[in-house]
Amino acid sequence: MMIVLRADCSLKEKAEITRILEAGEININVTETGGSTAFILMPTPDDDIVASLERHGGVAEVRRATPSCQLVTRDHRAEPTRFHVGHALVGPDTLTVIAGPCSVETRTQMMEIAECVADAGATMLRGGAFKPRTSPYSFQGLGERGLELLADAGGRFKLPTVTEVMAPEQAALIAQYADVLQVGARNMQNFSLLQAVGQQHRPILLKRSPMASIEELLCAAEYIAAAGNQRIMLCERGIRTFERATRSTLDISAVPVLKQLSHLPVIVDPSHAVGKREWVPPLAKCSVACGADGLMIEVHPNPEEAMSDGRQSLTMDQFSRMMVDVRRLAGAEGRQDHAEGSQQSVRA
Ligand code: PEP
Ligand code: MN
């Protein structure tokens, strides 16, 4: 349920409405709709509360049907969302590049990769410690030890870190180690997980399920926002189609569509979409040209020996070369380069 406040609703009236709702243990999310302030109410209040809201002078309208997503839409916020993760700015004025291995494996591996991707201009370091694997017999990640190695490498090379949370009970622990919590594609509609990460004070990278529509992705983001966390990056990582030549099909049209519907930053992960390293750089370039606010790229010092997703991981040389191209493209659009050590435009 949503109540729209009158344009002349006074502070005193707002406080009264809030008191009525708090007494009924109704959670409020403040939003904008069509230029008016509105409250989204969860759960739906009982009939007595609804009746007192309907009578209240500060309330213009009680809408029984709330849109399935509101907080993540342009109706809520017309301007694109920008936020910092450590020193890295995320948003339309820059290019976020999250790079690193599929899985954290060893300290040496993490240090080597972090140094290379930082030098090449990546803005964040990724690495999975809790891995969602299709087979239970595949490498499942190093767990908490992996979080430590990721945090150490990120700290050493001044890169904020991104890692996946697979279960609600892991959220608080992982938030102690990592700067961004990733919700993986397989968990996009794990609603308790979305609520749990929504309660953490860490930005979220939400990956689109290969089976989800754009609307379902936005509704998943709405769960996180409604739980109190609006620092969300939406990530397109390929959807399942009839095509078998690539691991998934990169839905590049999702980029402009999401950017029109939502104020949230949009990141593209071409690595999981195509599944083969030689096709990652062209799709990375096309994503930037098409308006993506950032990229997520898998990189490994020795992809043939990676514990997971080696076939789609770039070597460090390939990553550095790709970065020259994507930074040039981003610079040509006037985006600022927020890579460590360089705050100037990348146009030069
Ligand atoms: C990953 O980023 O390592 C991952 C498992 O990706 P996805 O959830 O998109 O499959
Ligand atoms: Mn992977």
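The model is predicted. The protein chain contains 11 helices and 14 strands. Its radius of gyration is 21 Å, close to the 20 Å that the globule rule gives for 348 residues, so the chain is as compact as a globular protein of that length.

**Overall fold**

- Along the principal axes, the C-alpha atoms of the protein chain fill a box of roughly 70 × 45 × 45 Å.
- Of the 348 residues in the protein chain, 54% are buried.
- Among contacts in the protein chain with a separation of 6 or more, 69% are between residues 24 or more positions apart.

**Manganese site (ligand 2)**

- Four protein residues supply donors to the manganese ion: Cys-102 through SG, His-272 through NE2, Glu-298 through OE and Asp-309 through OD.
- These donors lie 2.0 to 2.4 Å from the manganese ion.
- The spacing of the donor residues in sequence is C-x169-H-x25-E-x10-D.
- Cys-102 and Glu-298 bring together distant parts of the chain, being 196 residues apart.
- Cys-102 sits in the loop between β7 (96–100) and α3 (107–120), whereas Glu-298 belongs to strand β14 (residues 294–298).
- Both Cys-102 and Glu-298 are buried.

**Packing of α1 and α2**

- A pair of packed helices is described by the angle between the axes and the distance between them.
- Helix α1 (residues 11–23) and helix α2 (residues 47–55) have axes that come within 10 Å and cross at roughly 175°.
- An angle over 145 degrees counts as roughly antiparallel, and α1 and α2 are therefore roughly antiparallel to each other.
- On the α1 side the contact is made by Ile-17, Ile-20 and Leu-21, and on the α2 side by Ile-49, Ser-52 and Leu-53.
- By class, the residues of this contact are 5 nonpolar, 1 polar and no charged.

**Ile-297 in strand β14**

- Ile-297 is placed in strand β14.
- The relative accessibility of Ile-297 is 0%, so this residue counts as buried.
- Leaving aside residues up to four places away in sequence, Ile-297 touches Ile-98, Ala-99, Gly-100, Arg-126, Pro-270, Ser-271, Val-280, Ala-284, Leu-314, Phe-319 and Met-322.
- Arg-202 is 95 residues from Ile-297 in sequence, and their C-alpha atoms are 21 Å apart in space.

**Backbone details**

- Most peptide bonds are trans, and most residues other than glycine have a negative phi.
- Met-42 and Pro-43 are joined by a cis peptide bond, with omega about -10°.
- Pro-43 lies in the loop between β3 (36–42) and α2.
- Glu-25, a residue other than glycine, has a positive phi, near 55°.
- The loop between α1 and β2 (27–33) holds Glu-25, and this residue is exposed, with a relative accessible area of 69%.
- Lys-158 also has a positive phi, near 55°, in a residue other than glycine.
- Lys-158 is located in the loop between α4 (144–156) and β9 (161–164).
- With a relative accessible area of 49%, Lys-158 is partly exposed, since exposed means over 50%.

Technical notes: Residues are numbered from 1 along each chain as its sequence is written. Chains are lettered from A and ligands numbered from 1 in the order in which they are written. This is a predicted model: local features need pLDDT of at least 70, side-chain atom pairs count only at pLDDT 80 or more; totals for chains, interfaces and linings use all residues. Side-chain values use heavy atoms; hydrogens and water are left out. Donors are N, O and S atoms within 2.8 Å of the metal (3.2 Å for Na, K and Ca); water is not among the atoms, so sites may look incomplete. Helices (H or I, at least four residues) and strands (E, at least two) are DSSP runs, numbered from the N terminus. Buried means under 20% relative accessible area, exposed over 50%, partly exposed in between (1.4 Å probe, protein chains only). Axes are lines fitted to C-alpha atoms, for helices over the stretch in contact, and angles run from 0 to 180 degrees between N-to-C directions. Angles under 35 degrees count as roughly parallel, over 145 as roughly antiparallel, 65 to 115 as roughly perpendicular and the rest as oblique. Contact means heavy atoms within 4.5 Å. Ala, Val, Leu, Ile, Met, Phe, Trp, Tyr, Cys and Pro count as nonpolar, Asp, Glu, Lys and Arg as charged, and the others, Gly among them, as polar. The radius of gyration is taken over C-alpha atoms; the globule rule is 2.2 Å times the number of residues to the power 0.38.
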